[in-house]
Amino acid sequence: MPLEQDGRTYGKRREIRHERASAAVSRILRAAESNGVDITVIGSLAKGDFRSHSDVDLLVRGAIDPKRRPLVERLVADCMRSSAIPYDLIFEGDLTEDQIHEFLHDIV
């Protein structure tokens, strides 16, 4: 296969993966908002550098009652499942101030 065609195939795969990730994140943000949960997209998707091998990074903002964590985890898992894209779900309450600042530093 010529390199040029290979590059187009890679670009198309990346575009499709980005669309699936964006659609899943939109579903997550709507569901989270309707459940009173504040989630921020961080990482490569937030920075506009999402690639064919990227995962989706999500930060749950604020204090979450430990009894509500399973609800948040299930909400995100249900929305991400159909995308077949791995994700990281990070709870702000589990982080130090420095870690929170680092995660939020590059968000535009």
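1. Secondary structure. In this predicted model, the protein chain contains 4 helices and 3 strands. Read from the N terminus, the elements follow the order α-β-α-β-α-β-α.

2. The sheet. The 3 strands form an open sheet in the order E1-E2-E3, and the pairing is mixed. Because strand E1 (39-42) and strand E3 (87-91) each have a single partner strand, they stand at the edges, and one side of each is left without a neighbour in the sheet. On average, neighbouring strands of this sheet are turned by 25 degrees against each other, direction ignored.

3. Pairing of E1 and E2. In general, strands of a sheet pair through backbone hydrogen bonds, in either a parallel or an antiparallel sense. Here, E1 and strand E2 (residues 56-60) are antiparallel and share 4 bridges. Val-41 has Leu-58 in E2 standing opposite.

4. Helix H3. This helix (residues 69-81) lies across E1, E2 and E3, and it runs at about 160 degrees to E3. With 13 residues at 1.5 Å a residue, H3 should span 18 Å; its end C-alpha atoms are 18 Å apart, so the expectation and the model agree. The buried residues of H3 are Val-72, Leu-75, Val-76, Ala-77, Cys-79 and Met-80.

5. The chain as a whole. The C-alpha trace spans about 55 × 30 × 20 Å along its principal axes. Of the 108 residues in the protein chain, 31% are buried. The chain exposes about 6900 Å², and carbon and sulfur atoms supply 50% of that area. Among contacts with a separation of 6 or more, 65% involve residues 24 or more positions apart.

Methods
Residues are numbered from 1 along each chain as its sequence is written. This is a predicted model: local features need pLDDT of at least 70, side-chain atom pairs count only at pLDDT 80 or more; totals for chains, interfaces and linings use all residues. Side-chain values use heavy atoms; hydrogens and water are left out. Two strands pair if DSSP finds at least two bridges between them. Helices (H or I, at least four residues) and strands (E, at least two) are DSSP runs, numbered from the N terminus. Axes are lines fitted to C-alpha atoms, for helices over the stretch in contact, and angles run from 0 to 180 degrees between N-to-C directions. Contact means heavy atoms within 4.5 Å. The expected span of a helix is 1.5 Å times one less than its number of residues. Buried means under 20% relative accessible area, exposed over 50%, partly exposed in between (1.4 Å probe, protein chains only). Accessible areas come from the Shrake-Rupley method with a 1.4 Å probe; for residues, only the protein chains shown count as cover.
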